[in-house]
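Visitor: I'm new to this one, could you walk me through it?
Guide: Gladly; have a look at it here, and ask as we go.

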Amino acid sequence: MNQYETEAVIDIFIDSGYQIVDFSEKADVYIVNSCTVTNEAARKTRQIARRAKRKFPDSIVAIVGCYTQAFPDEVRDIEEIDFVMGSNNKAKILNKAEEMLAGKAITNDVKEYQELKEYEELELKRLSNTTRANVKIEDGCNQFCSYCIIPYARGPVRSRKKEDIVKEIKRLSQQGVKEIILTGTHLGAYGSDRGNSRALTQLMKDLTELEELKRVRLSSIEGTEIDQGIMELIAEEEMFCPHLHLPLQSGSNKILKAMNRPYTLEDFKETTAELRKKIPNLAITTDVIVGFPGETEATFAETLAAVKEIGFSKVHVFPYSAREGTPAAEMKQLNGNLVKEYSKKLRLVNEALMLDYQKEFIGQEKEVLIEEVRDHSTDLLTGYTDNYLKVLVDGPDNLKNELVKVKLEKSIDSYHIKGKITK
Ligand code: SF4
């Protein structure tokens, strides 16, 4: 989300005649589009903004985005900052910067997160990468999981107009982008602010009409929000990647409840079983938070068992770290060493699961989208299959950003498969 918005703001400045320079070089204006998901992200934001001001005291330094929105007073108190803006009005950053450059005094107003009512239309015009592009379809979240600061940083669900999304995707595909990732703060809530629980399915259906569009991937989505229509579209339409990232977070119902997650383990297993029945070769990846307050040997064992039983093709392991301002930060925290130990155990299980999933495809021919950058250590071309297996192949540069057929020959490690181009 932040990458998408940063690129859109860059476009606005370029359109007005500005030149983008590296953050370490001298500039008139420095803009830090902040992340606030962890305390550490906020600390880094403060550090990088201060560093810019110390190095170039005459320049304007701004912090915008999630951190400012969730903790406006904390950010305003940073002496080195010239102006702040919240999560909305990113299109107005240019106006504020120009007012400051002209010597005018500006107000540092950040709306309350509950007041963010309109979806802010931003558009990606220039592409830093033509292999794939994130396209934002929704902003905000109403779920308030007890560990998560995002609803306070992004505000309530606001959906982007379907026509604007389709128009942008059509243009990006015509510009040569091969893979589109539909992105949102809470993707599955798309349309819920307008009372339309089938909006994502309808959008996906409309995308099947775009002839030039090759691949569409959904970013993280709650299992509870995948309806029959989405399942059928992924199963039947080749453009939709058979890959879903469904955040499980814990395999213990006790912990899921404390996290304020909207499902039980049984619900989750039912959804994944149905998905696997309908969509052959589906890759299901997930996020798991380990060491959440209240985690015990028993709840962690339930998570390990659930992860193995569901058979994810990849598990992103997040050692829990308390985020100030969330209800979970007020709960009794676990010892840090225990959290590390649990993370290590789950990472080992993940390695084995990734290798198991790879094995299913060794010997098969799959379509691979070749990336623009070669693998650093082997200098081979790299690419991803539709079910998100990373493949290394030998081949010329002109295959970059092309979809090629590859025979998957052998597993190099849990993250890489060696393949051979067949056509
Ligand atoms: S659904 Fe996702 S974004 Fe929303 S509160 Fe929960 S973890 Fe955060």
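Visitor: Leaving aside neighbours within four places in sequence, what is Ser250 in contact with?
Guide: Ser250 is in contact with Ile255, Leu256, Met259 and Thr303, where contact means heavy atoms within 4.5 Å. This is a predicted model, in which local features need pLDDT of at least 70 and side-chain atom pairs count only at pLDDT 80 or more, while totals for chains, interfaces and linings use all residues. Residues are numbered from 1 along each chain as its sequence is written, and side-chain values use heavy atoms, with hydrogens and water left out.

Visitor: Is Ser250 buried or exposed?
Guide: Ser250 is buried, at a relative accessible area of 1%; buried means under 20%, exposed over 50% and partly exposed in between, with a 1.4 Å probe and protein chains only.

Visitor: And where does Ser250 lie?
Guide: Ser250 lies in the loop between β8 (243-245) and α10 (253-258), the helices (H or I, at least four residues) and strands (E, at least two) being DSSP runs numbered from the N terminus.

Visitor: Changing topic, how is the chain divided?
Guide: An automatic or database domain assignment sets the bounds, giving domain 1 (2-111), domain 2 (116-230) and domain 3 (365-421). The centres of domain 1 and domain 3, taken over C-alpha atoms, are 38 Å apart.

Visitor: Which residues of α9 meet α11?
Guide: Gln228, Met231 and Ala235 in α9 meet Glu274, Leu275 and Lys278 in α11.
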